[in-house]
Amino acid sequence: MIPLGAGALLEYRVTDAMWVCAGVVRVARFFFALTDPDPPACWHWQANARDDNGLVGATDGAVLVRTGCGGGWVNLTVELHAERPTVETAGWDDAVEVSYRTLVGQSHVRSARGGGTDFPRISFRGPGSYRIRVHARGRQLPAGRKGSDRVEDYLLQVWPAPAGRTEILRRAED
């Protein structure tokens, strides 16, 4: 895939049950993020300290998605839903569902280096609570493969919903 330009933030309205955007996002320090424009101070530490499921951490105004590669690009698909989609984990190594709250309703996918992306605003219904289901595959390298051979795929499914407990839907075999 060709990397999307950094910095362009799209505005849109969702009128149907689902909207999909696919592309790539830049990773640094083993993560990429979903944040409000001005995430809280120390959000990285707060998100990492919560819900130690190995894949995703969330705090008010920020979500941290942990990757297997320390830097480079990963494939990302974002789906925005009006309501909770059916759980489908076949073909994924990991899948975790977390709650996320935004006070300003301007949350976007961000590179770990802080830059915005061309992905749409994930808080598409404005301020409030959302559920985010993160699917991942390719974070663990099979025996004999080099880091440069790594291909990582992520799917984020987002919908408005009250806060709930973290659910681990699928975990890669260790």
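Among contacts in the protein chain between residues at least 6 apart in sequence, 77% join residues at least 24 apart, where a contact means heavy atoms within 4.5 Å. This is a predicted model, in which local features need pLDDT of at least 70 and side-chain atom pairs count only at pLDDT 80 or more, while totals for chains, interfaces and linings use all residues. Residues are numbered from 1 along each chain as its sequence is written, and side-chain values use heavy atoms, with hydrogens and water left out.

**Overall layout**

Of the 174 residues, 49% are buried; buried means under 20% relative accessible area, exposed over 50%, and partly exposed in between, with a 1.4 Å probe and protein chains only. The accessible surface comes to about 8,600 Å², and carbon and sulfur atoms hold 51% of that. These areas come from the Shrake-Rupley method with a 1.4 Å probe, and for residues only the protein chains shown count as cover.

**The nonpolar core**

Which residues touch the most other members of the largest nonpolar core? They are Phe32, Leu76, Val109 and Ile132, in a core of 29 residues. Such a core is a set of buried Ala, Val, Leu, Ile, Met, Phe, Trp, Tyr and Cys residues joined through side-chain atoms within 4.5 Å. Strands that each supply at least two residues of this core include β1 (18-28), β5 (71-81) and β9 (153-160). Leaving aside neighbours within four places in sequence, Leu76 is in contact with residues including Cys21, Phe32, Val109, Phe119 and Leu156.

Cys21 is buried at 14% relative accessibility, and Cys69 is buried at 12%. The whole structure has zero disulfides, a disulfide being a pair of cysteine sulfur atoms within 2.5 Å.

**Charged pairs**

Side chains of opposite charge can pair when their charged atoms come close. The count here is seven salt bridges, each a side-chain nitrogen of Lys or Arg within 4 Å of a carboxyl oxygen of Asp or Glu. Three of them are listed here.

| Salt bridge | N to O distance |
|---|---|
| Asp60 and Arg101 | 2.4 Å |
| Arg139 and Asp94 | 3.6 Å |
| Glu97 and Arg131 | 3.0 Å |

Are Glu97 and Arg131 buried or exposed? Glu97 counts as buried because its relative accessibility is 2%, and Arg131 is buried at 5%. Asp60 and Arg101 are instead partly exposed, with Asp60 at 31% and Arg101 at 36%.

Arg131 is found in strand β8 (residues 128-137). A polar atom of the Arg131 side chain lies 3.2 Å from the backbone oxygen of Gly164. Not counting residues up to four places away in sequence, Arg131 touches residues including Glu97, Trp159, Pro162 and Glu167. Arg131 also belongs to a network of salt bridges that links Arg84, Glu97, Arg131, Arg133 and Glu167.

**The loop between β1 and β2**

Most residues other than glycine have a negative phi. Arg29, in the loop between β1 and β2, has a positive phi of about 55°. Phe30 is in the loop between β1 and β2 too, and its phi is positive, near 65°. Arg29 counts as exposed at 56% relative accessibility, whereas Phe30 is partly exposed at 45%.

How values were computed. Helix = DSSP H or I, 4+ residues; strand = E, 2+ residues; numbered from the N terminus. Polar contact = N/O pair within 3.5 Å; in protein donor to acceptor, adjacent residues only side chain to side chain.
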